[in-house]
Amino acid sequence: MTEGGAAPSLPVTRLRPAYQQVADQLRDLILDGSLAPGDRLPPENEIGGNFGVSRSTVREALRVLTSQGLVRTTRGTTGGTFVCRIAPDQISDYLEVGLGLMSGSDDLPLVAILEARELLEVPAAALAAERREERHLEALRTAMDREKRSRGRSSKFREHRDFHNVVMDASGNGLLTMMTEPVFHVLRTRFLKPEQPEFWSLVDDDHQLIIDRIEAGDGPGASAAMRTHLGNIRGAYRE
C-alpha cells in the first residue's frame, strides 16, 4: 500500500490467446528451419498434448498459419497439415499488397519508394554487367525495340518495367527481382503522371546507355548509368 492507502500501479503484461501462442511457436519452428517446406505437422491431438491445449485451440492456430500462407491442409489417407513451399511470385504479391496499402502515407511516401528503388537497382546494374549472359543481352535489345515501338503511357511503362526486370534477372540475384517487381507496380498504379512524350524519349536514351555498359562488362559504368537514369525519371511520378 502507498502512503495514502491506494494500491500501487503494477506493470501488467497481457498474455496472447492460447491459439496465438501456439501459432507463434509453430511459425518460429517454420522460420528457423526446424520444420521445412513439405514437412507434415504432427496430428492435432499430438500438437495439443505438446502445448497443453485442446484440439480446438490447435485448429484455430493452424487457421492462423494457413491465412499467412505458411501451412496447408489436405484431406484423405495421405492428407494432413504441411508446411508450404513458397514461390517467388507469392512473395512479390504479398509485398505488392503491403506496399500498395502503405504507399502515399506518412509511413511510406513516394520519396522513400524511389530511394529504395535506387538502393536496389544501382548495385544490381553492376552485378548485371559482371554476370550477364548472351540471353540477357538479347532480351535487353528486344525490350528496347518494343519500348521504342510502343505508344501510350501504359504500354510505355510496361516495356520500361520489362527492361528493368531483365537487368535484375541478369544480376543473378533472385531476391532483387522479387523485391523490385512490387515497387514497379506500385509506382505505376499510384504515382505515374499523365502522358509525357518527351520523358519517354529520354528513357529510351538512358536505357541504351545502360545496355552498352552491361554489354561491355563495365560494372561501375552500368551503375553510374542506372543512377543517372533513375534520377532522370523521378519527375515521372507525383505524390
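1. **His160 and its surroundings.** The side chains of His160 and His207 are joined by a polar contact of 3.3 Å. A polar contact here is a pair of N or O atoms within 3.5 Å; within protein, one must be able to donate a hydrogen and the other to accept it, and residues adjacent in sequence count only if both atoms are side-chain atoms. His160 sits in helix H7, residues 153–170. Helices are DSSP runs (H or I, at least four residues), numbered from the N terminus. His160 is buried, at a relative accessible area of 2%. Buried means under 20% relative accessible area, exposed over 50%, and partly exposed in between (1.4 Å probe, protein chains only). Setting aside residues up to four places away in sequence, His160 touches Arg117, Glu147, Trp200, Val203, His207, His229 and Ile233. Contact means heavy atoms within 4.5 Å.

2. **Basis of the model.** This is a predicted model: local features need pLDDT of at least 70, side-chain atom pairs count only at pLDDT 80 or more, and totals for chains, interfaces and linings use all residues. Residues are numbered from 1 along each chain as its sequence is written, and side-chain values use heavy atoms, with hydrogens and water left out.

3. **Salt bridges, overall.** The count comes to 15 salt bridges. The rule is a side-chain nitrogen of Lys or Arg within 4 Å of a carboxyl oxygen of Asp or Glu. Three of these pairs follow.

4. **Asp24 and Arg27.** This salt bridge has its closest N and O atoms 2.5 Å apart. Both residues belong to helix H1 (residues 18–31); because they are three residues apart there, about one helical turn separates them. An α-helix has 3.6 residues a turn, so residues three or four places apart point the same way. Asp24 counts as buried, at 16% relative accessibility.

5. **Arg55 and Glu44.** Their side chains meet in a salt bridge of 3.5 Å, N to O. The pair links distant parts of the chain, with Arg55 in helix H3 (residues 55–67) and Glu44 in helix H2 (residues 44–51), eleven residues apart. Arg55 counts as partly exposed at 45% relative accessibility. Glu44 also counts as partly exposed, at 22%.

6. **Arg146 and Asp162.** A salt bridge of 3.8 Å, N to O, brings these side chains together. Again the pair links distant parts of the chain: Arg146 is in helix H6 (residues 134–149), Asp162 is in helix H7, and they are 16 residues apart. Arg146 is partly exposed, with a relative accessible area of 32%. Salt bridges that share partners join Arg146, Glu159, Arg161 and Asp162 into one network.

7. **Nonpolar surface patch.** Ile86, Ile91, Tyr94, Leu95, Leu175 and Met179 make a nonpolar surface patch of about 560 Å². Helix H4 (88–102) and helix H8 (174–191) are the elements that give two or more residues to the patch. H4 gives the most, with three residues. Patch residues have over 30% relative accessible area and no salt bridge; like charges are joined within 9 Å, and nonpolar side chains (Val, Leu, Ile, Met, Phe, Trp, Tyr) within 5 Å. Areas come from the Shrake-Rupley method with a 1.4 Å probe; for residues, only the protein chains shown count as cover.

8. **Leu95 and Pro182.** Leu95 is in helix H4. Leu95 is partly exposed, at a relative accessible area of 32%. Pro182 is in helix H8. Pro182 counts as buried, at 0% relative accessibility. Leaving aside neighbours within four places in sequence, Pro182 contacts Ser92, Leu95, Glu96 and Leu99.

9. **Helix H10.** H10 (residues 219–232) has 14 residues. From first C-alpha to last, H10 reaches 20 Å, close to the 20 Å expected at 1.5 Å a residue. The expected span is 1.5 Å times one less than the number of residues. At the start of H10, a side-chain oxygen of Asp218 comes to within 2.9 Å of the backbone nitrogen of Gly221. Buried residues in H10 include Gly221, Ala222, Ala225 and His229. His229 is also among the residues that His160 touches.

10. **Arg213.** Which residues does Arg213 contact, leaving aside its neighbours within four places in sequence? They are Ala129, Asp218, Gly221, Ala222 and Ala225. Arg213 lies in helix H9, residues 197–215. Arg213 counts as partly exposed, at 28% relative accessibility. Arg213 and Ala129 are 84 residues apart in sequence and 7.0 Å apart in space, C-alpha to C-alpha.
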